[in-house]
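Have the sequence and the 3D view open side by side, and look for each residue as we get to it.

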Amino acid sequence: LRPNFVILSQPVDQEAFLAEVISLLERQHGKLKIPPETLLRYITHLLNEYIPVDQTKRKLIETRGIPEAKADEIAMVYQEYRHQMMAYNMLDLGGLIAATLTLLQTNPFIRKLLHRTYPYVCLDEFENINCSQYVLLKQLVPDESPNLLVAADDDQIIYQWNGANPR
């Protein structure tokens, strides 16, 4: 990503971008069977669960019980969506977390620099984080000195639609 990247934070912007990706794919592969709103829900879920592009099909089949042909189509759209986001120097919110995780996991120097710069991490509303946010939190807090304080109330989970899970 270049420093002037754009964050697509509004659902209408994500829908418009996905429509462009679908149009591109349909020119190459023919009409898609899965409606765009369903594809966007899958893309959001895959990003919230931090599923790498190369594991998408397998995860959809194993964890969601999705038939292979449908999993192929979702995986193809997910891969192209992520690829085109980077090509256009854009990220949506889930992609922002995924890109940050990739950066931290592939660049130990940056991760260690963050550990030295921010030796303490405090997180409120912990009950509302999803899987990718949890993985990011684990990258931000070093195993050697886990200086982490979280506050949570299981009775106040309001982001289950976003993959929040107290487990």
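Let's start with a definition: a salt bridge is a side-chain nitrogen of Lys or Arg within 4 Å of a carboxyl oxygen of Asp or Glu. Before using it, two notes on the model. It is a predicted one, so local features need pLDDT of at least 70 and side-chain atom pairs count only at pLDDT 80 or more, while totals for chains, interfaces and linings use all residues. Residues are numbered from 1 along each chain as its sequence is written, and side-chain values use heavy atoms, with hydrogens and water left out.

**Salt bridges**

How many salt bridges does a search of the whole structure find? The search finds four. Here are three of them, with the distance between N and O atoms.

| Salt bridge | N to O distance |
|---|---|
| E26 and K31 | 3.8 Å |
| K57 and D72 | 3.0 Å |
| R58 and E62 | 3.1 Å |

Take K57 and D72. K57 sits in helix α3 (residues 56-64) and D72 in helix α4, so this pair ties together parts that are 15 residues apart in sequence. A quick word on those labels: helices (H or I, at least four residues) and strands (E, at least two) are DSSP runs, numbered from the N terminus. There is also a network of salt bridges here, and it links K57, E68 and D72.

R58 and E62 are both in helix α3, four residues apart, which means about one helical turn separates them.

E26 is partly exposed at 24%. The partly exposed label also goes to K57 at 27%, D72 at 35% and R58 at 41%.

**An aromatic cluster**

Next, the rings. Rings of Phe, Tyr and Trp (its six-membered ring) pair if their centres lie within 6.5 Å; planes under 30 degrees apart count as stacked, over 60 as edge-to-face and the rest as tilted. By this rule there are three aromatic pairs. One of them is F17 with Y81: the ring centres are 5.7 Å apart and the planes are at 75 degrees, so this pair is edge-to-face. It connects distant parts of the chain, with F17 in helix α1 (residues 11-29) and Y81 in helix α4 (residues 68-87), 64 residues apart.

Y88 is in the loop between α4 and β2 (90-92), 71 residues from F17. Y88 is partly exposed, at 43%. Put together, F17, Y81 and Y88 form one aromatic cluster.

Most residues other than glycine have a negative phi. N89 is buried, at 4% relative accessibility. E125 has a positive phi too, of about 60 degrees, although it is not a glycine. E125 is found in the loop between β3 and α7 and is partly exposed at 35%.

E127 belongs to that loop, the one between β3 (121-123) and α7 (131-140). Is E127 buried or exposed? E127 is buried, with a relative accessible area of 2%. The side chains of E127 and N128 are joined by a polar contact of 3.5 Å. A polar contact is a pair of N or O atoms within 3.5 Å; within protein, one must be able to donate a hydrogen and the other to accept it, and residues adjacent in sequence count only if both atoms are side-chain atoms.

**Cysteines**

How many disulfides (pairs of cysteine sulfur atoms within 2.5 Å) does the structure hold? The number is zero. C122 is exposed at 61% relative accessibility, whereas C131 is partly exposed at 28%.

Note on methods:
Buried < 20%, exposed > 50% of the residue type's maximum accessible area, 1.4 Å probe, protein only. Disulfide = S-S within 2.5 Å.
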